[in-house]
Every structure is written in C-alpha cells, then in structure tokens.
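Let's take a look at this one together. Start with the overall picture, then move on to the place where two chains meet.

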Amino acid sequence: MRERPALRDALIALAALVVVLAIPFVHRSPAFEDFVIRVSAMALFATSLNLLVGTTGMVSFGHGMFYGFGAYAFGLLMQMTDLSLPVAAVLAVAMTTVAALVVGAICVRLGSDYFAFVTLAFQMLFYSVIISWQSLTGGDQGLRGGIPRREFFGFELTSQLNLYQFCAVVAVLGLLALRHISESRFGRTLRMIRDNEHRAAFLGVVLWRARLGAFTLAGGFAGLGGVLAALFVSGAYPELADWPNSGQAIFAVMLGGIGSFLGPTLGAMILLALNDAVTRVTEYHGLVLGLVILVSALGLRRGVLDYLRLIRSRRVSSREVR
Amino acid sequence: MFLSPARGRGQVRGLQALCVPPHPPSPPLGERRKNRSMDFEALGACFTTAACVVTQTTSGLIVGMLLFLVAAGVTLIFGVLKVVNFAHGTFYMLGGYVAYSALNVTGSYTLAVLAGALAMAAFGVLFERALISRVYGSNVLMQLLICYAVVLIFDDLVKIVWGPEFHAMGMPPAFQVPPLFIAGGVVPPFYAVLIAIAALIAIVLGLGLSRTRLGKTVRAAAINPQMVSALGVNTTLLFAIVFAIGGGLAGLAGALAAPVRSLSPGMGFSILIESFIVTVIGGMGSIAGALVSALLIGMVRGFGTIGFPKFTDGLIYIVMIAILLTRPQGLFGRRQ
C-alpha cells in the first residue's frame, strides 16, 4: 500500500466514515451529533485554508468571505428557487468558486503582507455588502425564515440523524478531495512555490496561475463548509463572513498543525470541544481559550499534530543512531 | 460564529460613534433618511452648507487623529521589528480603562490620560519581553496566534475587573461648556483640544524620528537591525523602547477617546482593524503615511455617514483595495 497513497487515503477515509456513521446506531447523543456537524463544516473551512497557508505559503486573512459566501448562496438558492438540495449545494459551491477566482485574480500578485490585508479588505467589503443589502440578505439579522431542507433520494435532512450522516459524508468526501489535490502534481508544485518561489519560477511554473488555482480551489471548499454551516443553523448570518470567523479558521490551522493534512481538522475539533467545555463551566471562555493557545503556541511552538510527528520522527532517528 | 464570541453585536462598529457629536445634536442632518444606504442628495446638500462641512470635518478629524495615534504605534513596531502587532487594539482598550479608574481615584483628567499612556507604555514593554520576543523571526501566523490569545485574555480580564457593561467616562468639567460655532458648524471645545494634542504628537513623533539620535537609531534599525546591533547599539533595549512608544500612544488614544465614546470590553477589536487599514494604506512602517491615511479614513467616515450611512465601512474597504491595487506598497511605503 505504500506505493499507492491514493488508495491508502481512500481506505482511511472510508474507515473513518464507517466509524462516524456507526456511532448513532450504538449510542444516540444529540450533543455529540451537533458537535460532528459543526466539526464537519469547520474542518472543511480550516483544511481549505491550509491549502493556502500550509501548502502554498499564502496567508489569507479573508478566507471567511468564502465560507459566508457559500452559506448565503446556498440559503438564498434554497429560499428563492425550487432547486433540489444537492443541486443548490453544488451551485452554491460553484458560485463561491467563481467569487474566489475573481478575488484571487486581483490579489494573488501582491506581496505576502499585502496579500493578507487585501484579502481581509475583500472579506470586510463582502461583510459590509451583506449588512447594507438588507432587501436580499436581511442585513445584520441574517437570512431568516429558515432554509427549507427539501427531501432528496428519500433523505430527509430535517431529522438530526440524517443531517449528521449527510454532513459526515460531505465532509469526508471534501477532505478526501482536498487530500488528493495536495498530494497531486499540482499540490507538489504549490509546495515548491512555498519553499522557493524563485526556483519554481525558474523551472517554468507560472507563479500567479498556480497561486490563483490554489486560491480558487480553497475558496470553493470553504464554500462547501459554508453550505454545511447554513444547513446546521438553517440560515446564514453576517458573522459567518466576519473577520473573527477567519481568525477561528487560522486558529484551527495553527492549533492542529500547519504541516499535517489532518492538522486543521484536529484543530477544529479541539477548538470546538474546548469552547463547548469551557462555556459550560465559565462565561470567561476567552480567558481560558487564550491561555490554552498561549501555552500551546509557546510550549509546543507548532500545532499539536506537527508536534506529535516531530516527536515520532525524533524517536525513529534516535533509534537508528543506536 | 460557531464559537459565538460574547461580544456586543449591538455596539457601534469602529469609531463611527464619534462621527455624530453626542451632544450637542447635529443640525439638519439629524433627519437624514436612515433606511437608505446611498444618499447622494444629502451628501450634496451637506457640501453646499459651510455648517455641515465644518461639523463633519471636525468629526472626521477626531476619528482620523485618534486612528493615527493607534496606527502610528502599529506602523512603528512593524517598521522596526517586522512584527504585525495584532494586540494593539488591546493597548487602546486598556488605556481607556486605566484612565477611567485613574480619573475615579485622582479626579484629574490630565493625570488620568497620563496614567493611561504610561501604564500602556509599561504594558507594551512587558508584552514585548514576555511574549513577542519569543517569536521574533518566526512565522507571522505564530505572532498572530500569540497576539490573538492576548486579545482574548484581556477582553475577559477587563470584564472581570471592570464588568461587562459599558462605562461612560464623562466629559472633563473644564470642557462642559457650550460648543464653538465656526461658520455655523458645531465644534465642541474638547474636540478641538483632542485634535490639537494629536497633531502635536504627530509633529513630535515626526521630528523625533528625523532629528534625534534615538530616532535615527530607530530608523537605522528598521533598515538593518544586524548592522545597528554590530555597531554597538543595544537592540534589545531599542525594541523595548519601540514597544513602549507604540503602547504609550495607543494608551493615550484610548484615554483621550474615553470621554467621547463609551468603554466596553472588545472595543479594541474594531479600532484594531481600522488602524491596520490605515497602516497598510499609508505604507507599512511610514509615520507620515499613517497620518495621511488616518486623516483620509477619518474624512471618509465623517462624510460617509451622511452619504452612505450603512455603507461607510464598505466605502473604506473599497478605498483600501483601490489604493493597494494602484500602489501595492501603500501611499508612502518603500517598494519591497
């Protein structure tokens, strides 16, 4: 299996999916199912961001724009048209991808600091449009009235169990696709750009085209995360596209590990679990979260998964020395 | 959104609150149609009356000058240390709160402002030594992470110490006098003093950087810190001084702003993003650029509230995008 990484990844994904889908048949817990649904949205969001941050070395502060875009596009499509749910979801992701292409076309040629801030400006512009375009988006109240969860293939997303299954399947497939992208030739090109853009350019890589490709793909997958988020909250809120939300994704990436594919997913889990646990105990969850981040950032100096891998590789190499 | 940070969503974003003088009531524009996001008619009408122009220019200047004080610290720290200080809004917030407490203890507004500024200068040094100095030269995201943790921690600490509710510091008694009327426009005397103080600081900062020995060392360190260090300058001390100046300026801005806008946990959040816009538009590392772009943003805010009451933020982002696309290094930035 060592020679066929794609097969290995698919098997791991399948195993994870089977386990997640089997859990409700053994034990039903609404809190756990809600948690998985939220993780699935945020894992897609954070992992897509890591395609930019970790794989390509582009730090975007405005990734929340596409999360919010996906949520609003999906919500509006479901409310205003009679399209079936999967069609609306695919259309919403396609629209988000186009939006990412447009924003990316303007931003990718900028230097790294300015790239970060211009993407942030685009996100905040999008946020302002949501707030001020009240007739379409409901302004700061968000998209109200609920998103109709139309039945498809006998699948009823109004039931929590079905929503759980749907989100798990979509998230695992999305992550698998992202994994495939990051392991492909294109993904290797992106890593080369991250490590040495001059060498990449010298070898004939058109830098802006590769970066734009990464940005567009990342935006599309963030939009898919947004679709799941919109399904979960049955609406869309401006906060989805606000900048603290981009901050959460950056957090998840950094907390879990920038250099590991599953790092952002783990980070999303840690962040959400920590938040749930802390809010139950104290209202000052920012204080606790801040301290945890400070300790982990200064103590480990890298994400959790990256740290574990570092320890493992150290052990392996020390054994080899002996 | 899933984490729903417990921030008051109802609070006015940014310094918008300052654009309409709290007292006295603004003249005819008070009746402007709030439900429309674009109102060129009202904007045009404003430009035809001197009163409206004066009033809005004053509020724009206030916003711009306070922004400059915060952004000057951000740009100075970035220029010298290449650190994007995401915790700068926290300095601003704490400066306001310290001033609030100092006023309650001493009863003197001057002492309160000094306390706010000095406390934040000390806090800046502490922050630099204890946290930021550990991540020099590492990934910008690492710095972001540390700063964001500090923002979260201090937002909650403020809630614990001062309570989650809004605090009003109140206008100092010396300024509780009828406003000045310049060409029919309303200019509260406190605003005039605020603008004067900020302008004075801009001049002192500019001259200090260009004329004094310390200023020259700081500028040299911004270009080549290794060389400055090799020439025998204690760069550790220099970096701490830069953080002290940056923190002190932000604390000063917070303390000065406290009487004209209410204090609340999370108030640093919105000023942070605006001071970044200012820094980036002006060119990261340029004090003059920070001044010009802070005034630009202030004016967009001052007049934007009349023409685009709901889209002022959007307007600012459009300005930012337009400037960065035509001049990626910012108005006064050096080409990388």
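This is a predicted model: local features need pLDDT of at least 70, side-chain atom pairs count only at pLDDT 80 or more; totals for chains, interfaces and linings use all residues.

## Contacts along the chain

Let's begin with who touches whom inside chain A.

How much of chain A is buried? Buried residues come to 49% of its 322 residues.

## Helices and overall size

Chain A has 14 helices and zero strands. If you walk along its sequence, the pattern reads α-α-α-α-α-α-α-α-α-α-α-α-α-α.

What about size? Along the principal axes, the C-alpha atoms of chain A fill a box of roughly 65 × 50 × 45 Å. The radius of gyration of chain A is 20 Å, and this agrees with the value near 20 Å that a compact globule of 322 residues would have.

## Where chains A and B meet

Next, turn to the contact between the two chains. Here chain A puts in 41 residues and chain B puts in 38 residues.

Which helices of chain B supply at least two residues each to the side that touches chain A? They are helix 6 (140-162), helix 11 (267-282) and helix 13 (312-326). Helix 6 of chain B gives the most to that side, with 16 residues.

And what kinds of residues are they? On the side of chain B that touches chain A, you'll find 29 nonpolar residues, six charged and three polar.

Notes:
Residues are numbered from 1 along each chain as its sequence is written. Chains are lettered from A and ligands numbered from 1 in the order in which they are written. Helices (H or I, at least four residues) and strands (E, at least two) are DSSP runs, numbered from the N terminus. The radius of gyration is taken over C-alpha atoms; the globule rule is 2.2 Å times the number of residues to the power 0.38. A residue is buried if 20 or more other C-beta atoms lie within 10 Å of its own, exposed if 12 or fewer, and partly exposed in between; C-beta atoms are placed from the backbone. Two residues are in contact if their C-beta atoms, placed from the backbone, lie within 7 Å. Ala, Val, Leu, Ile, Met, Phe, Trp, Tyr, Cys and Pro count as nonpolar, Asp, Glu, Lys and Arg as charged, and the others, Gly among them, as polar.
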